[in-house]
Amino acid sequence: MPTAPTRTHAQSRSTHERLKATLAHKDEALSPRVLRRTLQELQAIIDPRVSEVEGGRRAMAAAAWYAGATPARRRDLWLLMSEQFVADAQKVKAAQVQFAAAVGTPDEAVAEVHYRRATVSPRRRLLQRFSVYPGGIQFLVEMRAEMQPALKQDKRLMALDVEMEYMFSTWFDVGFLDLRRISWDSPASLIEKLIQYEAVHDIKSWADVKNRLDSDRRCYGFFHPRLPDVPLIFVEVALVDQLAGAITPLLDEKGAEADLSRATTAIFYSISNTQVGLRGVSFGDSLIKRVVETLKEEFPKLRIFATLSPIPGFRAWLAKNMGSLLESLDDKERTALGRAVGCEPPGATHFLTAIDSNLQLPEKSAVRQMLLRCAAHYLGQALVDGKPIDAVARFHLGNGARVERINWAGDPSAKGQKQSYGLMVNYLYDLHRLDKHRAQLAQGKIPVSNAVQQLFIGGSG
């Protein structure tokens, strides 16, 4: 007889069905009996008759079980936490009706409080109990990180994921975080964390990391009291005398140290989040603000605060949109570009082939100029749902920066070529115009410098 097809997560039995069953299906890690026992142990953690300390102790026992569990058994625990610890639907509905009836009356505030309390799920209380014991918060952060790939296939886990994000946003509020400088004199274990978590420009050696922590550099990280040895996010800064246009000199281990007495510019050239489990919790904006304040105190001559950033999605975007960009050119521009690529009129394939060897293109090449114009369009005009299409751009522009300058051959490495044909961008943090730039972005217009605007295809748009 043919075997039955394996169920997808969408077709799998819910924990409600499994808890009532007698036998496990072959794709289920925990049998119904063990699943019921595990649920009872989780419920015991939030038993209202036990203290916070006892609840934390029980949570620690559950975490110990989790540490030795297989991935499939861990997934079953996630499903229990997501599906079995929900707010009482009847109480929520009743409280909602009472609140709606009380709006505009003296009882409105009390009714609102009752409604808010009714919507709080027991899952939140469960997470709070895990946070009680010393390693509990780190356990939850690591557990959420492990869950992330599974969310794409199993939407049943979304309730737990969103609840965790909400709780982490409170626990990791920037008011609770410490800003600390990381230097060559920091503990080796901390410096090793930089090597491990650097996400923008890989650290290749101890000499490389020493260069990034030299006297003309600064590195700062946000730390949480419950995770004191791990920077949640860190930023690397170069102190120079002008806007940097290429990453290679900044990463040159043999390069001469900058003269700090002449430093006028702070270049943020790498910002790395270290905890996947804190996805959705934002503290990059506050990190940059705090670092700017700290740098200004130490170096009063600093006037310019800018990034040297990658453009990670540009190459893939260009491959999909090159045809429409070519159609936006006027006849004169199209003719000049066609002559440069050897085909009139030029097609997307002709242009994309020509820029495969972009580092050899002379400065006045029509192909080179067109690539810069495409990048300006991508960074300064391409929007999705009213937001910049590029992830790095969304971060910095959302913090109030503007697109200042696009740099040719800013990152000639293989990674730079793969991401953006070697182009990099400076985002400028003009401290007097951050609010203005945010307001401009909220209206669907990306703040850019005049130099970048002049590169736009088809005018300023």
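Rings of Phe, Tyr and Trp, the last taken by its six-membered ring, pair if their centres lie within 6.5 Å. With that in hand, we can start with a cluster: ring pairs link Phe314, Trp317, Tyr378 and Tyr421. Please keep in mind that this is a predicted model.

**The chain as a whole**

The protein chain holds 21 helices and nine strands. Its C-alpha trace spans about 75 × 60 × 60 Å along the principal axes. Of the 461 residues in the protein chain, 47% are buried. Turning to contacts between residues at least 6 apart in sequence, 72% join residues at least 24 apart.

**Aromatic rings**

A search of the whole structure turns up ten aromatic pairs. One of them joins phenylalanine 168 and phenylalanine 172 in an edge-to-face arrangement. Both partners can be checked for burial against the cut-off of under 20% relative accessible area. Phenylalanine 168 has a relative accessible area of 1%, so it is buried. Phenylalanine 172 counts as buried too, at 1% relative accessibility.

Phenylalanine 314 and tyrosine 421 are both buried.

Here are the two pairs with their values:

| Aromatic pair | Centre to centre | Angle between planes |
|---|---|---|
| Phenylalanine 168 and phenylalanine 172 | 6.0 Å | 90° |

Arginine 180 lies over the face of phenylalanine 223, 3.7 Å from the ring centre. Over the ring of tryptophan 184 sits the charged end of lysine 210, at 5.7 Å from the centre.

**Helix H4 and its neighbours**

Two packed helices are described by the angle between their axes and the distance between the axes. Helix H4 (residues 71-83) packs against helix H8 (residues 136-151) at an angle of about 95°, and their axes are 11 Å apart. Angles of 65 to 115 degrees count as roughly perpendicular, and that is how H4 lies relative to H8. On the H4 side the contact is made by Arg74, Arg75, Trp78 and Met81, and on the H8 side by Met143, Glu146, Met147 and Ala150. These residues divide into five nonpolar, no polar and three charged.

H4 also meets helix H3 (residues 52-67), where the axes come within 9 Å and cross at roughly 145°. Trp65, Tyr66 and Ala67 of H3 make this contact with Arg73, Arg74, Leu77 and Trp78 of H4. Its residues comprise five nonpolar, no polar and two charged. Arg74 and Trp78 take part in the contact with H8 and in the contact with H3.

**Histidine 437**

Where does histidine 437 sit? This residue is found in helix H20 (residues 434-442). With a relative accessible area of 4%, histidine 437 is buried. Setting aside residues up to four places away in sequence, histidine 437 touches Gly400, Ala401, Arg402 and Pro447. Glutamate 146, which we met in the contact of H8 with H4, is 291 residues from histidine 437 in sequence and 37 Å from it in space, C-alpha to C-alpha.

Methods:
Residues are numbered from 1 along each chain as its sequence is written. This is a predicted model: local features need pLDDT of at least 70, side-chain atom pairs count only at pLDDT 80 or more; totals for chains, interfaces and linings use all residues. Side-chain values use heavy atoms; hydrogens and water are left out. Axes are lines fitted to C-alpha atoms, for helices over the stretch in contact, and angles run from 0 to 180 degrees between N-to-C directions. Helices (H or I, at least four residues) and strands (E, at least two) are DSSP runs, numbered from the N terminus. Angles under 35 degrees count as roughly parallel, over 145 as roughly antiparallel, 65 to 115 as roughly perpendicular and the rest as oblique. Contact means heavy atoms within 4.5 Å. Ala, Val, Leu, Ile, Met, Phe, Trp, Tyr, Cys and Pro count as nonpolar, Asp, Glu, Lys and Arg as charged, and the others, Gly among them, as polar. Rings of Phe, Tyr and Trp (its six-membered ring) pair if their centres lie within 6.5 Å; planes under 30 degrees apart count as stacked, over 60 as edge-to-face and the rest as tilted. Buried means under 20% relative accessible area, exposed over 50%, partly exposed in between (1.4 Å probe, protein chains only). A charge sits over a ring if NZ of Lys or CZ of Arg is within 6 Å of the ring centre and within 35 degrees of the ring normal.
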